[in-house]
Amino acid sequence: MQAFYSRWGNVIFKATIETFQMVTIAMFFAVLIGLPLGVLLTLTRKNGSLENRWVYQGLNTLINLIRSIPFIILLFYILPFTKLLVGTSIGVKGVIVPLVVHTAPFVARLMESALLEVDRGVVEAYEAMGVSTPKIIWYVIIREARPAIVLGLTMAIIALIGATAMAGLVGAGGLGNLAYSYGHLRYEVSVMHTTVLLLIVLVQCLQSLGNHLATRLRKE
Amino acid sequence: MLIQLHQVSKTFQSNIQQVEALREVSLKVNPGEIYGIIGHSGAGKSTLIRIVNLLEKPTSGHIDINGVDLTRLSPKELREIRRSVGMIFQGFNLLKTATVEENIALPLRLTGLSHQEISQRVEKYLAVVGLTDKKQAYPAQLSGGQKQRVAIARALSHEPKILLSDEATSALDPETTESILDLLLSINREFGITILLITHEMNVIQRICDRVAVMEHGSIVEEGSLLEVFSDPRHPTTKKFINSQFPQSALSLLSVDEQDGQPVLELSFVGAVTDQPILAEVSKQFQVSPNILSGNIVPLKNAHYGKLIVQLLGDREETAKAVAYIKSTGVKVEELKGGEAHASLL
């Protein structure tokens with residue numbers, strides 16, 4: 001145990017930090033893009049307060065289009081775009097762009113379904129009280145959807161952790177890469193086991209945290 | 001005039017058909033009164049009340065509140081006006097994730113009131129609806145009646161001149177309905193708030209309304225003061241709503257008693273007359289025995305309205321005298337079935 005720790009401790013620690021980095025940064029941008037898109041989807045859909053068939057259909061198609069591409073393909077497919085945007089297509093920096101492109105539409109969908117759960121009558125009550133639409137979106141719809149939003153984001157983070165496993169292919173490291181390059185290619189079975197165990201614990205903790213938070217927000 | 005609708009029409013367009021929800025409805029609600037609109041589901045009353053604060057845009061016609069035509073306002077001006085028009089709903093429409101206090105405070109904050117003012121109003125209006133001790137409760141912990149009280153406090157906290165009630169008691173049990181109606185009455189009296197309500201329940205109308213309109217197929221088919229409409233309904237729908245407050249068995253009894261050859265009369269009376277023992281007098285003064293087939297007295301907002309179906313047993317002369325006497329006391333007499341021997345008494 002001591003020997004394993006001194007030999008692999010640093011590598012595993014570094015890989016964990018890389019995974020955390022990728023997940024945090026990519027998630028931040030994915031929410032920054034996905035949440036407004038989710039709001040836009042809810043508002044422009046049929047019978048929404050800003051009903052607009054063209055915007056809704058356009059957005060809907062775009063999201064479906066991106067979500068059809070598996071991450072491993074998307075990663076290479078948009079290489080030129082990644083390079084154009086951040087100047088490099090390798091390392092953590094290079095993988096953030098495809099991760100965001102991959103996750104933002106997913107977040108948008110999750111937010112859409114979370115926001116649709118909010119009772120239309122409540123929105124109407126606030127309209128009747130003379131509250132402006134932007135305030136209703138933030139203080140009523142998003143506020144009231146918080147439990148569902150938290151659960152959706154938990155789901156997105158877990159999916160994102162899965163996607164970062166592919167990041168090793170462009171040299172961004174992370175736990176997935178560790179399991180593949182050391183555990184698989186170099187037959188270090190103990191590293192494989194440790195990584196898998198770490199990922200299991202990580203996902204379990206995240207899901208429990210998400211569930212707990214959602215229940216606390218739900219107030220029922 | 002406070003609320004006035006001019007020739008308001010609303011047509012809903014769907015892929016397959018268009019539905020005329022409102023057909024040139026004109027309506028006038030005076031300051032300080034409680035105005036009730038009754039109709040069956042699908043009559044258009046829900047659309048009508050939502051058009052008053054422009055939650056629904058009319059296809060044609062216009063809506064005046066205190067002389068301001070809402071259909072001509074900018075979105076910002078409309079929001080201003082809406083703050084003086086409170087609204088409560090059948091489904092309460094409270095935030096599930098907020099406490100009672102937050103449910104009242106949040107809209108006030110969003111319309112730009114100061115913290116101090118907000119906490120004062122929360123206290124004041126929670127006291128008005130009698131829920132001061134539930135300040136920190138969440139809606140899920142409250143009963144239906146309590147939720148509606150929170151919604152009423154939320155509406156009142158904006159200190160509106162008008163309160164719109166969209167089937168506010170329809171989801172509540174009879175006892176809770178009574179207490180909410182009492183609350184609405186006291187709000188109307190205490191704060192002078194004009195109330196426009198829609199309902200499909202006749203007892204809501206008779207308990208608290210000053211004036212009433214009956215709706216059917218997107219039009220108002222009858223309108224008047226509560227007493228007028230109750231004592232002299234013209235439209236079949238109105239009659240149906242009023243008859244729903246009286247026992248049904250009376251008419252079936254008529255056929256049974258037909259062969260007796262004695263007249264069957266419907267006596268309807270309003271207000272103070274209900275306090276006098278008229279039929280007892282009749283049997284004392286004339287040689288007739290009144291046989292009561294059915295009877296009911298319905299409490300109205302400021303009076304009582306009663307209806308008796310009576311068969312007068314006696315000879316023709318005495319019966320005619322008795323009828324004349326009854327009429328002289330202010331009771332309205334209508335002959336439902338004349339006896340063979342009595343071509344007409346009236």
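The structure is a predicted model, in which local features need pLDDT of at least 70 and side-chain atom pairs count only at pLDDT 80 or more, while totals for chains, interfaces and linings use all residues. Residues are numbered from 1 along each chain as its sequence is written, and chains are lettered from A and ligands numbered from 1 in the order in which they are written.

The unreviewed UniProt entry annotates residues 16–208 of chain A as "domain: ABC transmembrane type-1"; UniProt positions are given in the numbering used here, feature names are shortened, and annotations may be inferred rather than shown by experiment. That span is 81% helix and 0% strand, with its end C-alpha atoms 20 Å apart. Helices here are DSSP runs of H or I with at least four residues, strands are runs of E with at least two, and both are numbered from the N terminus. Residues 20–43 of chain A are 100% helix and 0% strand, and their end C-alpha atoms are 33 Å apart. For residues 148–170 of chain A, the figures are 74% helix, 0% strand and 34 Å between the end C-alpha atoms.

Helix α1 of chain A, residues 2–44, contains Ile17(A). Ile17(A) counts as partly exposed because it has 13 C-beta neighbours inside 10 Å. The classes are as follows: a residue is buried if 20 or more other C-beta atoms, placed from the backbone, lie within 10 Å of its own, exposed if 12 or fewer, and partly exposed in between. From Ile17(A) to Thr44(A) there are 27 residues in sequence and 40 Å in space, C-alpha to C-alpha.

I turn to chain B. Chain B holds twelve helices and 14 strands, and its C-alpha trace spans about 80 × 50 × 35 Å along the principal axes. Of its 346 residues, 38% are buried. Two residues are in contact if their C-beta atoms, placed from the backbone, lie within 7 Å. Among contacts in chain B between residues at least 6 apart in sequence, 69% join residues at least 24 apart.

Five of its five residues are buried, so the strand is largely enclosed by the rest of the structure. One side carries Ile34(B), Gly36(B) and Ile38(B), the other Tyr35(B) and Ile37(B), and all are buried. Strands count as paired if DSSP finds at least two bridges between them. β3(B) runs parallel to strand β8 of chain B, residues 194–199, through five bridges, and Gly36(B) has Leu197(B) as its bridge partner there. Four bridges, again parallel, connect β3(B) with strand β9 of chain B, residues 211–216, where Gly36(B) stands opposite Val212(B).

Next, the open sheet of chain B: four strands in the order β2-β1-β4-β5, with antiparallel pairing. Its edge strands are β2 (18–29) and β5 (68–69) of chain B, each pairing on one side only. Strand β1 of chain B, residues 3–13, is joined to β2(B) by eight antiparallel bridges, and Lys10(B) faces Leu22(B) in this pair.

How many residues of chain B are in contact with chain A? There are 20, and they meet 21 residues of chain A. On the chain B side, α2 (75–82), β6 (85–89) and α3 (100–110) each supply at least two residues.

Finally, the domains of chain B. The assignment, whose bounds come from an automatic or database source, gives domain 1 as 3–243 and domain 2 as 249–337. Their contact takes nine residues from domain 1 of chain B and eight from domain 2 of chain B. On the domain 1 side, α7 (202–208) and α8 (226–231) of chain B are the elements that give two or more residues, and α8(B) gives the most, with four.
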